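Hi everyone, thanks for making time.

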Amino acid sequence: MRANSAVGVVCALVMAVCGPLTATSPAQAEQTAQEAGQGTHTVVTWGAGAEKQGPGPADRGYRLIVRTSVGGTDLRIRLSNAFGDHPVTFASAYAGLRKQGAELVRGSNRQLTFGRAAYVTVPAGETVLSDPLPGRLAAESDLVVSLYVTGARGPTTGHGMAMQTSYAAAGDHTAEESAANWTDPMGSWYWLDAISVETSAKTGAVVTLGDSITDGWASTTDGNRRWPDYLSRRLRAASGSTVKGVANEGISGNKVLADGAGESALNRLERDVLSQPGVSTVFLFEGINDIKAHTGVTADALIAGYRQIIDRAHAEGKCVVGATVMPFKGWYEYDAEGEAVRQEVNDWIRDSGAFDAVTDFDRITRNPYDQQRILPFFDGGDHLHPNDKGMQAMADAVDLSALRCAG
C-alpha cells in the first residue's frame, strides 16, 4: 500500500487528528476496498467557472463553503489567478468540514501546503495545485477552504454567483475553527476554482458546461439545489454508475461564442473543463444567451460553436452529452426571431447525431399548452430560470447510462 493510502487508513481511525474526515459508511468502505484492488486516480469533486472580478482588499481572509460530489482521499485544491494582472500570495490555506455558518467541525481544520511550503505566490494568469492532504473526504461534504491572501492588486479571479454564502475576515484567521472572526458574509467564491480527490481508477466525473441555469439562478441559496447538485445526488445513489464526480462550470450570462459574462464556452473550455482530472463526460447546455442577446447570431453559427466544443472534447477522449435550449417566452428579451433560432438549434441537437447522447431539457420543462414557455410549476418567476422543482426535473431527465459513453 502506498504511503498516502496508509495514512488514509490511520486517519479514518483518528478523525480528530487527521480530518477533514467523516465516519466511514458501508458504501465508503466498499469504495476503499475497490480502490485497494484496482488502483486509483485523481478526479474532480467540485469546480466553479473562473471569472474576472473587481479589485479586492490587499490583505483579506476568505472562508469558502463548497459541496463536494465524489468522495476520496488526498484532497487537493486548485487556486487560480487566471484573470489577475499581478502575482498574488496565499500566505495561509486550510481545509476543514463545516458545522454551521462559518463554524467548522472541531478538529477537522488542517493546513494545506504547496510544494511542502505553507504559502505560495501565483503569477498573473496562472493556477496552482496544493499538495495532497492525507485522509478521506466523504462524498457530499460541506467542505470549508480558508485562504489568507496578501498583497493582492488589480483584478481578482473568482466566481460571481455562488448561490452559497461564504465569509470574509480581516487578518489571518484561517487556522481557527470558530466563526467569531468570520463576520462578513459574501455571495461569491474567490481564487478557488477546483477541488479533486484520489478515488477508484474506474470512477469518473462529468463537467456541466453552462450558463445561469446551470449556475443555479432562481434555486434556493445555500440549499445546493442547482440541477448539477441534484444530478450529483442521483449519481451517488446509483450503484451501477461509474460516474460520481460533478463539476459545475456554469457561469451566469455565459455564451458559447462571445466573451462577456466570463469567457465564452469556446475560450474557457480548456481551463474550466478539459483540464479537470478524471473527467469522462462533458455535458453541454448553453446557447440561450447567444440567442436572446439580439446580436444576430444564427443557428448555423451556434451549431458551428457546438461542433468545435464536441470535436475538442472528443480529441481528449471525452464523451459529450448535449442538452436542448429551454423555452424563454415571457422573458423581456424574447422575440420571434430568437425563438426561430432556438427551434432550429434544438432540431439539430436532437437529430444531428453530433452528440454522444442528448437530454431534452426543452421537452421536460416546456408548458404543453404553450410550448414556447416554461411550465409554470417549474418557473422561477422570470420565465427563463427554473425553480428548485424545475432543477430537480432537469436532473431527473438525464439518462445516467449516457454519461458512461466514454468508458
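Strands themselves (E, at least two residues) and helices (H or I, at least four) are DSSP runs, numbered from the N terminus. Also, this is a predicted model: local features need pLDDT of at least 70 and side-chain atom pairs count only at pLDDT 80 or more, while totals for chains, interfaces and linings use all residues. Residues are numbered from 1 along each chain as its sequence is written, and side-chain values use heavy atoms, with hydrogens and water left out.

Okay, sheets. In what order do the five strands of the open parallel sheet run? The order is E18-E17-E19-E20-E21, and the pairing is parallel. At the edges sit strand E18 (243–250) and strand E21 (357–359), each of which pairs on one side only. Direction ignored, neighbouring strands here are turned by 25 degrees against each other on average; the axes behind that angle are lines fitted to C-alpha atoms, for helices over the stretch in contact, and angles run from 0 to 180 degrees between N-to-C directions. If you zoom in on E19 (residues 279–285) and E20 (residues 319–323), you'll find four bridges joining these parallel strands. Thr281, for instance, has Cys319 in E20 as its bridge partner.

There's also an open sheet of three strands, ordered E2-E12-E15, and its pairing is antiparallel. Its edge strands are E2 (51–55) and E15 (189–190), each pairing on one side only. E12 (residues 155–159) and E15 pair over two bridges, and Gly158 stands opposite Tyr190 in E15.

Now the inside. I'll call a residue buried under 20% relative accessible area, exposed over 50%, and partly exposed in between (1.4 Å probe, protein chains only). A nonpolar core is then a set of buried Ala, Val, Leu, Ile, Met, Phe, Trp, Tyr and Cys residues joined through side-chain atoms within 4.5 Å. In soluble globular proteins, nonpolar side chains tend to be buried together.

Which residues touch the most other members of the largest core? Out of 70 residues, those are Ile77, Phe90, Leu147, Leu192, Ile195 and Tyr306. Helix H8 (residues 299–315) supplies the largest share of this core, seven residues. Apart from it lies another core of 27 residues, including Leu231 and Leu400. Going back to Ile77: leaving aside neighbours within four places in sequence, Ile77 is in contact (heavy atoms within 4.5 Å) with a list of residues that includes Leu112, Phe114, Leu147, Leu192 and Ile195.

Eight of its 10 residues are buried, so H6 is largely enclosed by the rest of the structure. Among those buried residues are Leu266, Arg268, Leu269 and Asp272. What do they pack against? The answer is E4, strand E17 (204–210), E18, E19 and H8.

The whole structure has 21 of them. Arg268 forms one with Glu286, and the closest N and O atoms are 3.4 Å apart. Glu286 lies in the loop between E19 and helix H7 (288–292) and Arg268 in helix H6 (residues 265–274), so this pair ties together parts 18 residues apart in sequence. Buried or exposed? Glu286 is buried at 2% relative accessibility, and Arg268 is buried at 0%.

Two other pairs are worth a click. Arg78 and Asp193 come within 2.9 Å, closest N to O; Arg78 is in strand E4 (residues 72–80) and Asp193 in strand E16 (residues 192–200), so the pair ties together parts 115 residues apart in sequence. Arg78 is buried at 10%, and Asp193 is buried at 2%.

Then there's Arg67 with Asp142, at 2.7 Å between the closest N and O atoms. That pair links strand E3 (residues 60–67) to strand E11 (residues 142–150), 75 residues apart. Arg67 is partly exposed at 23%, and Asp142 is partly exposed at 21%.

Finally, a salt-bridge network links Glu339, Arg342, Asp347, Arg350, Asp360, Asp362 and Arg366. Thanks, that's my tour!

How values were computed
Two strands pair if DSSP finds at least two bridges between them. A salt bridge is a side-chain nitrogen of Lys or Arg within 4 Å of a carboxyl oxygen of Asp or Glu.
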